[in-house]
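Hi,

Here is the structure I promised to pass on. Have a look first, and my notes follow below.

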Amino acid sequence: MKLTFYKGNIPNFGDDLNNIMWDALLAPGFFDDKEDELFLGIGSILWDSYPKKTNKIVMGSGFGGYTDIPNLHGGNWDVAFVRGPRTAKALNLDPKLAITDAAILTRFMNLPVQAKKYKVSFMPHWQSISRGNWQSVCEQAGINYIDPTDPNVMHSLQSIQQTELLITEAMHGAILADTLRVPWLALEPIFPLHRNKWFDWSESMSINLKFNDMPSSSIKDFWSLKTGNQGMGKRSVQLGKLLSFTDPYFIDRAAEKLIMLAKNHGQMSKENIFIDKSDMALEKLGEYCKLQIS
């Protein structure tokens with residue numbers, strides 16, 4: 001059985017968490033590289049492109065709208081649970097399967113307790129890094145910067161644990177903060193297609209999600225925000241080079257925005273809901289593992 005998740009050319013915190021979380025929870029040798037059976041975990045990876053004859057086990061994955069809707073009622077799909085009610089509705093699944101995002105299972109990794117070190121930390125979406133100036137913004141604002149492309153996932157988890165308030169454009173920044181019981185503030189992702197999955201997850205946890213406006217840290221951020229495009233193509237690169245003299249202005253404005261946001265209280269799921277949902281996810285994982293062992 002092969003552990004399956006999104007792997008791009010750039011590391012990404014939420015996706016790469018798969019590499020360490022499942023190894024911490026499951027016995028050594030549970031996974032191999034045989035592609036006759038795929039184990040789908042953390043991420044918006046319910047795509048329509050998997051081979052129909054391959055067995056596919058869904059353990060808390062979501063549908064993000066990045067492909068056409070897959071048919072999970074045919075083609076050898078075995079759904080333990082999915083990320084949220086919007087995924088279940090889009091894929092015509094039993095609403096009871098909408099437990100929450102699989103990353104909640106990080107609760108059971110027994111991570112070492114970390115002393116608080118940062119009043120506020122900020123994590124952008126990984127696609128916002130090449131487009132923006134977020135590290136410079138955080139330095140100017142006096143806010144700890146957590147890089148979602150840092151390949152050291154444990155370091156990112158520790159940084160979240162050491163934080164009193166996380167401001168994040170990255171959904172899995174919020175999910176892991178919530179799981180580690182760190183208050184968080186959501187910034188509405190610059191790219192519109194990344195927004196619906198936030199509600200998929202937050203509704204699964206009975207959170208009344210409150211998006212805050214995402215500031216622009218560069219002219220490319222601003223262009224992407226106004227056009228709804230990702231701002232990572234040739235035209236955006238050319239625009240960034242041509243108008244790079246505007247960077248100080250955007251950095252100043254974005255730093256001011258983060259400083260203002262840092263004065264607010266964060267959100268977090270209710271403790272009883274968090275405990276119930278994480279226990280339900282663990283029970284589903286345990287049921288599947290018993291089937292595999294037997």
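**What I found**

Helix α7 is followed by Gly228, whose phi is positive, near 80°. Helices here are DSSP runs of H or I with at least four residues, strands are E runs of at least two, and both are numbered from the N terminus. Before going further: this is a predicted model, where local features need pLDDT of at least 70 and side-chain atom pairs count only at pLDDT 80 or more, while totals for chains, interfaces and linings use all residues. Residues are numbered from 1 along each chain as its sequence is written, and side-chain values use heavy atoms, with hydrogens and water left out.

Back to α7: Ile219, Lys220, Asp221 and Ser224 in that helix are buried (buried means under 20% relative accessible area, exposed over 50%, partly exposed in between, with a 1.4 Å probe and protein chains only).

Going through the pairs, β1 and β2 (residues 37-40) run parallel over 3 bridges, with Lys2 partnered by Leu38 in β2. Strand β3 (residues 55-61) is joined to β4 by 5 bridges, also in the parallel sense, and Ser61 stands opposite Val82 in β4.

Strand β8 (residues 184-187) runs parallel to β9, joined by 2 bridges, and the bridge partner of Leu187 is Asn212 in β9.

**Pockets and a cavity**

The search uses a 1 Å grid over the protein atoms alone: a cavity is a set of points where a 1.4 Å probe fits but cannot get out, a pocket is an open set with protein on both sides within 12 Å along at least five of seven lines, and lining residues have an atom within 4 Å of a point. Grid points are joined across faces, edges and corners, and a volume is the space filled by probe spheres set on the points.

The largest pocket holds about 470 Å³ of space. Its lining has 27 residues, with Asn12, Tyr66, His125, Trp126 and Lys197 nearest its centre. The elements giving two or more residues to that lining are α1 (13-25), α5 and α6 (196-204). By class, the lining splits into 14 nonpolar, 10 polar and 3 charged residues (Ala, Val, Leu, Ile, Met, Phe, Trp, Tyr, Cys and Pro count as nonpolar, Asp, Glu, Lys and Arg as charged, and the others, Gly among them, as polar).

The second largest pocket comes to about 290 Å³. It is lined by 14 residues, and Met214, Pro215, Ser216, Leu225 and Arg253 are the closest to its centre. Both α7 (219-227) and α9 (247-261) supply at least two lining residues, with α9 giving the largest share, 6 residues. This lining has 7 nonpolar, 1 polar and 6 charged residues.

There is 1 cavity of 30 Å³ or more, and the space in the largest cavity is about 30 Å³. Ile104, Ile175, Asp178, Thr179, Trp201, Met205 and Phe274 line it. Helix α5 (residues 171-179) brings the largest share of that lining, 3 residues.

**Two backbone spots to check**

Which residues other than glycine have a positive phi? Asn110 is one of them, with phi near 55°; it sits in the loop between α2 (85-90) and β5 and is exposed, at 69% relative accessible area. Ser206 also has a positive phi, of about 55°. Ser206 lies in the loop between α6 and β9 and is exposed too, with a relative accessible area of 58%.

Technical notes:
Two strands pair if DSSP finds at least two bridges between them.
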